[in-house]
Amino acid sequence: QSLFSIALNLQTCAKKMGDDPLGTKEKLVQLQKLASKGLKELRQYIYDLPFTNLVNTDLITALKSFMNDVARLNGLEVNFFIVGKPRSLPCEVEECFYRVSQEALANVVKHAKASKVEVGLEFRNGNVGLTVVDNGRGFNGNKTNKSMGIYNMRRRVESLGGVFSLKPNKTHGVCASAKVPV
C-alpha cells in the first residue's frame with residue numbers, strides 16, 4: 001500500500017516539478033518518510049514470514065550449505081566448527097540460529113570487507129551457542145544501535161531467553177554471538 005502511494009505521488013511530483021519547486025520539495029520530504037515507513041513494514045513482514053529452510057534438514061546441514069553458498073558467491077573463506085556433541089534442538093532454536101547466521105554473514109559481506117569468517121556452533125551444559133567472527137574492519141558502535149538487522153538478531157535470541165552480543169574482535173573484525181538455553 002505504501003509503495004503504491006509513493007509511486008502515485010512521485011508521478012504528481014514529476015508533473016509539478018517546473019511549476020511548483022517548493023511544493024514539490026515538501027512532497028518529496030513526505031515521500032521519503034512514507035518510503036521509510038513502507039520499508040519498516042516490509043521488514044516486519046519478512047521477519048514474520050514462515051520459515052521453511054529447515055523443513056527437510058537439520059541445522060548443521062543447513063548452515064553448512066548456506067555458508068558454502070556465501071563463500072562461493074562472495075569469495076570469502078568461511079570455516080565452520082562444532083564444539084561439544086551435536087544434538088537435536090527445538091525448531092524455534094534452529095530457526096533462530098539459522099536466521100542469526102544469515103544476518104551476521106550478510107553484515108560481513110555488506111560491511112566488513114573481510115576475507116575470512118569463522119562460524120561456530122557450541123553444545124554445552126543445557127545451552128547452545130552460535131558465534132560468527134570475521135577478520136574485517138570492525139564497526140562503529142553508534143551505528144549498530146540503528147541497524148534493523150542487529151535489532152532483529154537480538155530480538156530473536158532474547159525471545160528464547162537467550163543472550164545476544166556484538167562486539168569488536170580482539171584483533172580485527174567483529175564477533176557476533178548468541179547463546180540460548182535448551
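This tour moves from the sheet to the helices packed on it and ends at an aromatic pair. The model is predicted: local features need pLDDT of at least 70, side-chain atom pairs count only at pLDDT 80 or more, and totals for chains, interfaces and linings use all residues. Residues are numbered from 1 along each chain as its sequence is written, and side-chain values use heavy atoms, with hydrogens and water left out.

Select the open sheet of five strands, ordered E1-E2-E3-E5-E4 with mixed pairing. Helices (H or I, at least four residues) and strands (E, at least two) are DSSP runs numbered from the N terminus; two strands pair if DSSP finds at least two bridges between them. At the edges are E1 (77-83) and E4 (163-168), each pairing on one side only. Neighbouring strands are turned by 10° on average, direction ignored.

Next, select E2 (116-124) and E3 (127-134), an antiparallel pair with eight bridges. Leucine 121 has leucine 130 in E3 as its bridge partner.

Axes are lines fitted to C-alpha atoms, for helices over the stretch in contact, and angles run from 0 to 180 degrees between N-to-C directions. Helix H6 (148-159) lies across E4 and E5, at about 145° to E4.

Finally, select phenylalanine 66 and tyrosine 98, a tilted aromatic pair with 5.7 Å centre to centre and 55° between the planes. Rings of Phe, Tyr and Trp (its six-membered ring) pair if their centres lie within 6.5 Å; planes under 30 degrees apart count as stacked, over 60 as edge-to-face and the rest as tilted. Phenylalanine 66 lies in helix H3 (59-74) and tyrosine 98 in helix H4, so the pair ties together parts that are 32 residues apart in sequence. Both phenylalanine 66 and tyrosine 98 are buried (under 20% relative accessible area, with exposed over 50% and partly exposed in between; 1.4 Å probe, protein chains only).

Technical notes. Contact means heavy atoms within 4.5 Å.
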